[in-house]
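Here is a short report for a reader meeting this structure for the first time. Please look over the sequence and the model, then read on.

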Amino acid sequence: MLCSQGWMMYVFMVPYIMGSIAGLALQGIISTQVQPNEQGEIQGALTSLQSLTSIIGPPLMTNLFSFFTQPSAPLYLPGAPMIMAAVLTLLSTFLARRSLKRNF
């Protein structure tokens with residue numbers, strides 16, 4: 001178990017909130033990388049990606065939680081979806097940094 005006390009969840013809220021703010025900032029940075037006549041396309045593409053992750057995320061994380069909390073699981077880890085989310089966030093951060101580094 002990663003959090004043994006309820007107050008520990010507040011510690012995890014800070015990076016989550018910062019990620020929300022960073023998402024809006026990244027959207028602004030991305031919009032400056034395209035021509036004014038392409039703004040609708042880039043905003044549509046970003047919204048499509050957000051919609052796609054909203055469709056794929058819940059079943060993926062629910063199945064991951066189910067797998068790691070069943071009696072026959074190799075390891076009882078109810079926090080597996082959160083760990084997976086952290087790994088995906090780190091991967092996307094690495095890819096974004098590499099992409100933005102090339103453009104600046």
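Start with Phe68. Phe68 counts as buried, because its relative accessibility is 19% and the limit for buried is under 20%. Phe67 has 39% relative accessibility, so this residue counts as partly exposed.

This is a predicted model. The mean pLDDT of the protein chain is 86. Of its residues, 95% reach 70 or more. Among the elements of the chain, helix 2 has the highest mean pLDDT, 92. Helix 1 has the lowest, 81. Where pLDDT is low, predicted coordinates should not be read in detail.

**The aromatic pair**

How many aromatic pairs are there? The count comes to one. The partners are Phe67 and Phe68, with ring centres 5.0 Å apart. Their planes stand at 90°, so the pair is edge-to-face; the cut-off for that class is over 60 degrees. A pair of aromatic rings is described by two things, the distance of the centres and the angle of the planes.

**Helix 1 against helix 2**

Helix 1 covers residues 8-32, and helix 2 covers residues 39-69. The two pack at an angle of about 145°. Their axes are 10 Å apart. Helix 1 passes helix 2 in a right-handed crossing. Which residues make the contact? Helix 1 brings Gln27, Ile30 and Ser31. Helix 2 brings Gln39, Ile42, Gln43 and Leu46. By class, the residues of this contact are three nonpolar and four polar, with no charged ones.

Leu46 lies in helix 2. Is Leu46 buried or exposed? Leu46 is buried, because its relative accessible area is 17%, and buried means under 20%. Leaving aside neighbours within four places in sequence, Leu46 is in contact with Gln27 and Ile30.

**Helix 3**

Helix 3 spans residues 80-103, and Val87 is found there. Val87 has a relative accessible area of 47%, so this residue is partly exposed.

**Two C-alpha separations**

The table sets out two residue pairs, by their places along the chain and by distance.

| Residue pair | Separation along the chain | C-alpha distance |
|---|---|---|
| Leu46 and Gln27 | 19 residues | 7.9 Å |
| Val87 and Pro36 | 51 residues | 34 Å |

The Leu46 and Gln27 pair also belongs to the helix contact: Gln27 is on the helix 1 side, and Leu46 is on the helix 2 side.

Note on methods:
Residues numbered from 1 in each chain as written. Predicted model: local features only at pLDDT ≥ 70, side-chain atom pairs only at ≥ 80, totals over all residues. Heavy atoms only, no water. Phe/Tyr/Trp six-rings, centres within 6.5 Å; stacked < 30°, edge-to-face > 60°. Buried < 20%, exposed > 50% of the residue type's maximum accessible area, 1.4 Å probe, protein only. Axes fitted to C-alpha atoms, helices over the stretch in contact; angles between N-to-C directions. Helix = DSSP H or I, 4+ residues; strand = E, 2+ residues; numbered from the N terminus. Left-handed = near helix turned anticlockwise from the far one by under 90°. Contact = heavy atoms within 4.5 Å. Nonpolar A, V, L, I, M, F, W, Y, C, P; charged D, E, K, R; others polar. pLDDT = per-residue confidence, 0-100.
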